[in-house]
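Let's take a friendly walk through a protein model and look at how some of its side chains sit together. Have the structure open and follow along.

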Amino acid sequence: PGQVRGLCGTFNGDQRDEFTTPEGDVEPGVAAFANAFRAAGACPALGPGIADPCDGFPGSRERAEAACAVLLGPAFQ
C-alpha cells in the first residue's frame, strides 16, 4: 500500500487523496486532476464540466444502456 499513484488513484484506503497529481497536489475535482496528467498539446484540456460522451454519437446512449442492462441484470446479482 502507498506505492500506487496516477490516474488509478493511490489505493491506500483513503479516498481523500485519490486525485493526487504528479506534483503531489490533491485536486478537488476530476477535470483538474485529469488535466494534470494531460500531455501538452496531445489533447484539449477538460473544462470544469465533463461532457456526456454519448452526446457526440447518435444512438450511443441506447446501445450503452442496453449493454449496461446486462451487467445490472440477474446474471450478475
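## A ring in the middle of things

Phenylalanine 33 is buried, because its relative accessible area is 6% and the cut-off for buried is under 20%. Keep in mind that this is a predicted model.

So who pairs up with whom? Searching the whole structure turns up two aromatic pairs. In one of them, the ring centres of phenylalanine 19 and phenylalanine 33 are 4.9 Å apart and the planes meet at 25°, so this pair is stacked. That pair ties together distant parts of the chain: phenylalanine 19 comes from the segment before helix H1 (30-36), while phenylalanine 33 belongs to helix H1, and the two are 14 residues apart.

Phenylalanine 33 also pairs with phenylalanine 37: here the centres are 5.2 Å apart and the planes are at 70°, so the pair counts as edge-to-face. Why the label? Planes over 60 degrees apart count as edge-to-face, whereas planes under 30 degrees apart count as stacked. Put together, Phe19, Phe33 and Phe37 make one aromatic cluster.

## Charged partners

Now for the charges. Side chains of opposite charge can pair when their charged atoms come close. How many salt bridges does the structure hold? There are two, and here they are:

| Salt bridge | N to O distance |
|---|---|
| Aspartate 14 and arginine 16 | 2.9 Å |
| Arginine 61 and aspartate 55 | 3.8 Å |

Are these residues buried or exposed? Take the bridge between aspartate 14 and arginine 16. Aspartate 14 is partly exposed at 24% relative accessible area, whereas arginine 16 is exposed at 69%. In the bridge between arginine 61 and aspartate 55, arginine 61 is partly exposed, with a relative accessible area of 34%, and aspartate 55 is exposed, with 61%.

## A nonpolar patch outside

Last stop: the surface. Which residues form a nonpolar patch there? They are Val70, Leu71, Leu72 and Phe76, and together they have about 450 Å² of accessible area. One of them, leucine 71, sits in helix H2 (residues 60-72). Leucine 71 is exposed because its relative accessible area is 52%, and exposed means over 50%.

How values were computed. Residues numbered from 1 in each chain as written. Predicted model: local features only at pLDDT ≥ 70, side-chain atom pairs only at ≥ 80, totals over all residues. Heavy atoms only, no water. Patch = residues over 30% accessible without salt bridge, like charges linked within 9 Å, V, L, I, M, F, W, Y side chains within 5 Å. Areas by Shrake-Rupley, 256 points an atom, 1.4 Å probe, with all protein chains shown as cover. Salt bridge = Lys/Arg side-chain N within 4 Å of Asp/Glu carboxyl O. Helix = DSSP H or I, 4+ residues; strand = E, 2+ residues; numbered from the N terminus. Buried < 20%, exposed > 50% of the residue type's maximum accessible area, 1.4 Å probe, protein only. Phe/Tyr/Trp six-rings, centres within 6.5 Å; stacked < 30°, edge-to-face > 60°.
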